[in-house]
Amino acid sequence: MSNLRIGIPSKGRLADASAELLKEAGLRFRRQDRSLFAKVKEMPIDICFLRTDDIPVLCAEGAIDLGITGGDLIIEAEVEVEHRLALGLGGCRLAICVPDDSSYQTAKDLNGTRIATSFPNVTRQFLASHGADCHTVKLTGSVEVMIALGVADGIVDLVETGSTLAANRLRVLDTIGSYETELIQNKSVGDTELADRIVRRIEGVVIARSYSLLEYNVAEDNLAKVEALTPGYSSPTVNKLERAGWFAVRAMVPRKEVIDIMEKLEAAGAEAILETTIQNCRL
Ligand SMILES: Nc1ncnc2c1ncn2[C@@H]1O[C@H](COP(=O)(O)OP(=O)(O)OP(=O)(O)O)[C@@H](O)[C@H]1O
Ligand SMILES: O=P(O)(O)OC[C@H]1O[C@H](OP(=O)(O)OP(=O)(O)O)[C@H](O)[C@@H]1O
Ligand SMILES: [Mg+2]
């Protein structure tokens, strides 16, 4: 059986984060210069460095068994792949944008107009579902300037901070969807056991990155109140302290909620509240 092939972006904003994610999942490899492949040490796995937007079709065609790419690119590619994991990276939204001073109010108002985009399939489907039939102008990048160039009346492009829109005096008319980076799998992978092992390893890192471990001490009278604040991933760990009537509690807490929960724990009488990061986990 040939090695399991994992395709990751060779450049761009997802490249480093994708490689780092695999390394934290225990895959040890090093890309030589600008080579297309890298062998993983002591495992029958090859890493392939590809264009982010080619990864969905290469995964569907079986050139790679697993791939890391943007959810928006997967939908635009209109291919059949298994969506194995959302990776908590590359969050963005795909939006219909028009000039700030235009009179458009809804997607339907765009009927008969020209829309510049790198996502013609998603664009046509969304506009058709809103009763608008538009001429799409397919481009690979710098879509925002096409209205100024007179090529389009509106655009569909990715929006993260909104700074590109502001710089081009554009506003969001409607949001098509929100996306993040995903791990996808070919529907007929040969070594499903190894593929599942890799998915499980990556899942452990993704969960570990999205949670922190909170530990604190609390008097018995306040125990029920604080346990409601930190129910944990499945259940908090509670141990009796030497200090009579006091308990030590440890629980996983979503990282983005930690500060808020620490304040609530303190207000509920918890003491010695500590946050530690989780390097990896299996839950
Ligand atoms: N602000 C953003 N702009 C573009 N893509 C983003 C953004 N935020 C997250 N992404 C994700 O990254 C993917 C694009 O990665 P890709 O490597 O193709 O382009 P890039 O990083 O913009 O590099 P390039 O300069 O080649 O366009 C998108 O499909 C999306 O899933
Ligand atoms: O909302 P923002 O934070 O401004 O990000 C959105 C912009 O980023 C991406 O462009 P990119 O920088 O990838 O250049 P490109 O158009 O050449 O891909 C995307 O195509 C938007 O133009
Ligand atoms: Mg780009």
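Select β9 and ligand 2. With three residues, β9 gives the most to the shell around ligand 2. Strands are DSSP runs (E, at least two residues), helices likewise (H or I, at least four), numbered from the N terminus. This is a predicted model, where local features need pLDDT of at least 70, side-chain atom pairs count only at 80 or more, and totals for chains, interfaces and linings use all residues. Residues are numbered from 1 along each chain, and side-chain values use heavy atoms, without hydrogens and water.

Now show the residues around ligand 2. Among them are Arg-13, Ser-142, Asp-157 and Ser-163; near means a heavy atom within 4 Å. By class, the shell has two nonpolar, six polar and four charged residues. Asp, Glu, Lys and Arg count as charged, and Gly is among the polar ones.

Next, zoom in on the oxygen atoms of ligand 2. Which distance separates an oxygen atom of ligand 2 from a polar side-chain atom of Arg-13? It is 2.6 Å. A polar backbone atom of Ser-142 is 3.1 Å from an oxygen atom of ligand 2. An N or O atom in the side chain of Ser-163 also lies 3.1 Å from an oxygen atom of ligand 2. The elements giving two or more residues to this shell are β9 (154-159) and α5 (163-167).

Last stop: select Thr-136. Thr-136 lies in strand β8 (residues 135-138). Is Thr-136 buried or exposed? Thr-136 is buried, with a relative accessible area of 15%; buried means under 20%, exposed over 50%, partly exposed in between (1.4 Å probe, protein chains only). The side chains of Thr-136 and Arg-124 make a polar contact at 2.8 Å. Such a contact is a pair of N or O atoms within 3.5 Å; within protein, one must be able to donate a hydrogen and the other to accept it, and residues adjacent in sequence count only if both atoms are side-chain atoms.

Technical notes. Chains are lettered from A and ligands numbered from 1 in the order in which they are written.
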